[in-house]
Amino acid sequence: MRAMVLERAGEPLRLVELPDPRPGAGQVLISVGACGVCRTDLHIVDGELDKPKLPLVPGHQIVGEVIEAGEGAERFAPGERVGVPWLGWSCGECRYCRSGRENLCDRARFTGYDIDGGYGELAVADERFCFPIPAGYPDEQAAPLLCAGLIGYRALRLVGDADRIGFYGFGAAAHILCQVAAHQGRRVFAFTREGDTEGQAFARKLGAEWAGSSEETPPEEIDGAIVFAPIGSLMTTALRASAKGARIISAGIHMSDIPSFPYEQLWGERTLGSVANLTRQDGEEFLALAPEVPIHAKVELRPLEDANQALDSIRSGSLSGAAVLQIRTASNSRSGR
């Protein structure tokens, strides 16, 4: 099969021919239709997440068709469309797994990091950690839901019942979650890079009540915020804009250091927190919600061999919406309708 492979951190991915993978016990073999390109992939390629298996096929927003099942795998029949997220396996035995927090499992294995992912024509996944794809979502629309959507959804839950919510960084995850928050009747305040008038207009189009620069003071104090950009100083920026009782959540797996700040900015039962990974329950809830909203992702499609350019667009901040690699041709991609 053809795949884009990371051989050493800090180097571009290489398009290579690999032997076709085979499904083991409890696994399914998937013909990949599309795979989303995530900022986490960029952190891995750039060496900021420094313990990947190498060589590695990145990618953890995989949508494709099951073509073969390994021994004991009976959940999906050949031809069914499935999605494969970041969490690829958890032990089921540790105190985190036993308390419904498999996202914190110390032995967890992650797709496109510990396990080869979806930047290739075929992928193998544990069937227990795959999700059925909602009918009506083409592969390229479903792919961003599997991380940008899922991690954002978990972060939104951690913010609690905030009415006025700030989104710092308006990329793949925020543009999906803006639709969810507006559907829930929340008031969204979107913060972008200085001068990004196009991104601000995009946020307002998706339901944001106000949009401006991250350094601007919003017209009202916010009751909670999700920081999508990997910039630690935005945590304190959001804190300064917050009302008493606000929860400020980082949705990133990697972030620059958070600068020191006076305690008085935290006082008033404000909290800083983070979201880590996802649970299968998150996936089931979010993928059931997506058609109700309905969520529509703005997608920039690229062929498999353009994975490096897609990562560059995230690195530079020039991407609006989500980048998705189209592995199968559009004529072969199934919509599930």
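Let's start with two helices, H4 and H9, in this predicted model. H4 covers residues 148–159, and H9 covers 280–289. They pack at an angle of about 100 degrees. Their axes are 10 Å apart. Angles of 65 to 115 degrees count as roughly perpendicular, so H4 is roughly perpendicular to H9.

Who makes the contact? From H4, we have Gly-149, Leu-150, Tyr-153, Arg-154 and Arg-157. From H9, we have Asp-282, Gly-283, Glu-285, Phe-286 and Leu-289. By class, that contact splits into 4 nonpolar, 2 polar and 4 charged residues.

Hold on to Phe-286, and turn to the core. The largest nonpolar core has 100 residues. Phe-286 is among those that touch the most other members, along with Tyr-119, Phe-167, Phe-170, Ile-226 and Ile-295.

Now take Phe-167. Leaving out residues up to four places away in sequence, Phe-167 touches Ala-174, Leu-177, Cys-178, Ala-181, Val-188, Phe-189, Ala-190, Phe-191, Ile-226 and Phe-228.

Last stop, helix H10, residues 307–316. Which residues of H10 are buried? Ala-307, Ala-310, Leu-311, Ser-313 and Ile-314. These cover an arc of only 155 degrees around the axis, so they sit on the same side of H10.

Definitions and conventions:
Residues are numbered from 1 along each chain as its sequence is written. This is a predicted model: local features need pLDDT of at least 70, side-chain atom pairs count only at pLDDT 80 or more; totals for chains, interfaces and linings use all residues. Side-chain values use heavy atoms; hydrogens and water are left out. Axes are lines fitted to C-alpha atoms, for helices over the stretch in contact, and angles run from 0 to 180 degrees between N-to-C directions. Helices (H or I, at least four residues) and strands (E, at least two) are DSSP runs, numbered from the N terminus. Angles under 35 degrees count as roughly parallel, over 145 as roughly antiparallel, 65 to 115 as roughly perpendicular and the rest as oblique. Contact means heavy atoms within 4.5 Å. Ala, Val, Leu, Ile, Met, Phe, Trp, Tyr, Cys and Pro count as nonpolar, Asp, Glu, Lys and Arg as charged, and the others, Gly among them, as polar. A nonpolar core is a set of buried Ala, Val, Leu, Ile, Met, Phe, Trp, Tyr and Cys residues joined through side-chain atoms within 4.5 Å. Buried means under 20% relative accessible area, exposed over 50%, partly exposed in between (1.4 Å probe, protein chains only). The arc is that of the directions from the helix axis to the C-beta atoms.
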